[in-house]
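The report that follows is meant to be read beside the sequence and the structure.

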Amino acid sequence: MNHSKNEQLMARKAAATPRGVGVMASFFAERADNAELWDVEGRRFLDFAGGIAVMNSGHGHPKIVRAIQEQLNRFTHTCYQVVPYESYIALAEKLNQLTPGTHAKKTALFSTGAEAIENAIKIARAHTRRAGVIAFSGAFHGRSLFAVALTGKVAPYKLGFGPFPPEIYHAPYPDANTPLEDVKKAVHHIFKADIEPSRVAAIVFEPVQGEGGFNVIQAEAVRWLRQLCDEHGIVLIADEIQSGFGRTGTLFAMEQFLAQTGVVPDLMTIAKSLANGVPLSAVTGKAEIMDAPAPGGLGGTYAGNPLAIAAAHAVIDLMRDEQLPQRGKMLGDRLKVTLDQMRQEVPQITDVRGLGAMVAVEFRKTDGSADAEVTKKVQAEALQRGLILLTCGVDGNVIRFLFPLTIPEAHFEEALGILREALKAAR
């Protein structure tokens, strides 16, 4: 029996790699360009997954490719902690300037989002000389052991991996559906029943939850978190790994909360679309907090890789020159209109939400319970028609849209057409 190339690769994958690395697609990528992706059998797809929010500037943008090639011709690696290079400092200077707030800041570079989170906690602990950390239900902060302990979703991230590091506590996430008073009570209960506030090093939150379902934090909750942290000497960490780099209509979601509340976080974690597919992450924050760890306490062999840094410089230029955050907001608004128009035809649609181009649609049954089945069906119907979508949410009943902010107009319209068909077919 002749098997297709995808089937052959799938068989090799099953034999050579562990089942714990879950894979969504049954086909293998051959090449990609902006919003388009072709598999090894020549089938074309529109990519609305973006490597999980990593390709905000699209696949293979010529300016990013050129920047990587130019750096490749100079050197690929020295380890910044052995022989440093100017591009690292220049990127730190840019991130210090671009992140919300005019206070003195410093930036350390790493490789992955999980590394950024782990190091932000290390920095907060070094600064406060405390251990405790508070995170939120539905949060996703990474897969390394401390980061996954902070993550507020058990399946599949925590299954079989415990025990987890101690002194981590979770409160309900204060989105539009959760009264802030309930969250305040939960946090004060943690202070009464689990850990006194004087032993809490950090509170970490996503301005818009990624894996949790694209839930947007209440502006009033951001103001309250800032007051709470100031009152008790706690470091406030904003995780912008998924919401950063133009996805929400501004370069960072916290810019919008700064405008609404005047709040800036003490530390921010940045990754994913920072270098548009080349592994790079950052922790940017108040200079006096960032300086808490002793020399040698931060770093990593690949932390701040020169090729990734070159890509990041190009990404920052693109975001500015092509006004990608603003374009993303315009496209995100159009997507929301399309989804809202489908509500009558697809009664399972109960919510359309998000900031800018960080848009999600939620599905529920008539009794109000989560409808993961219809959600999976919409995803499958879209994929069959050539549109790659991702699900999310603690109950798996949300579809998130992560199209490149550079997507050509014709491809965006084509994707909306496929989405309409998929929604009708799945209901």
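## The cavity

The count comes to one cavity of 30 Å³ or more, where a cavity is a set of points on a 1 Å grid over the protein atoms alone at which a 1.4 Å probe fits but cannot get out. The largest cavity holds about 50 Å³ of space, a volume being the space filled by probe spheres set on the points, which are joined across faces, edges and corners. This is a predicted model, in which local features need pLDDT of at least 70 and side-chain atom pairs count only at pLDDT 80 or more, while totals for chains, interfaces and linings use all residues. Residues are numbered from 1 along each chain as its sequence is written, and side-chain values use heavy atoms, with hydrogens and water left out.

Lining residues have an atom within 4 Å of a point, and for the largest cavity they include Thr 99, His 103, Lys 105, Asp 266 and Gly 285. Strand S9 (267–270) and strand S10 (281–286) each supply at least two residues of this lining, and S10 gives the most, with three residues; strands are DSSP runs (E, at least two residues) numbered from the N terminus. By class, the lining of the largest cavity has four nonpolar, four polar and three charged residues; Ala, Val, Leu, Ile, Met, Phe, Trp, Tyr, Cys and Pro count as nonpolar, Asp, Glu, Lys and Arg as charged, and the others, Gly among them, as polar.

## The second largest pocket

Strand S4 (residues 105–110) contributes the largest share of the lining, four residues, and the lining as a whole divides into ten nonpolar, five polar and two charged residues.

## The protein as a whole

The protein has 14 helices and 15 strands, helices being DSSP runs of H or I with at least four residues. Its radius of gyration, taken over C-alpha atoms, is 21 Å, close to the 22 Å that the globule rule gives for 427 residues, so the protein is as compact as a globular protein of that length; the rule is 2.2 Å times the number of residues to the power 0.38.

Buried residues (under 20% relative accessible area, with a 1.4 Å probe and protein chains only) make up 55% of the 427 residues.

Notes. Buried < 20%, exposed > 50% of the residue type's maximum accessible area, 1.4 Å probe, protein only. 1 Å grid on protein atoms, 1.4 Å probe; cavity = no way out; pocket = protein on both sides within 12 Å on 5 of 7 lines; lining within 4 Å.
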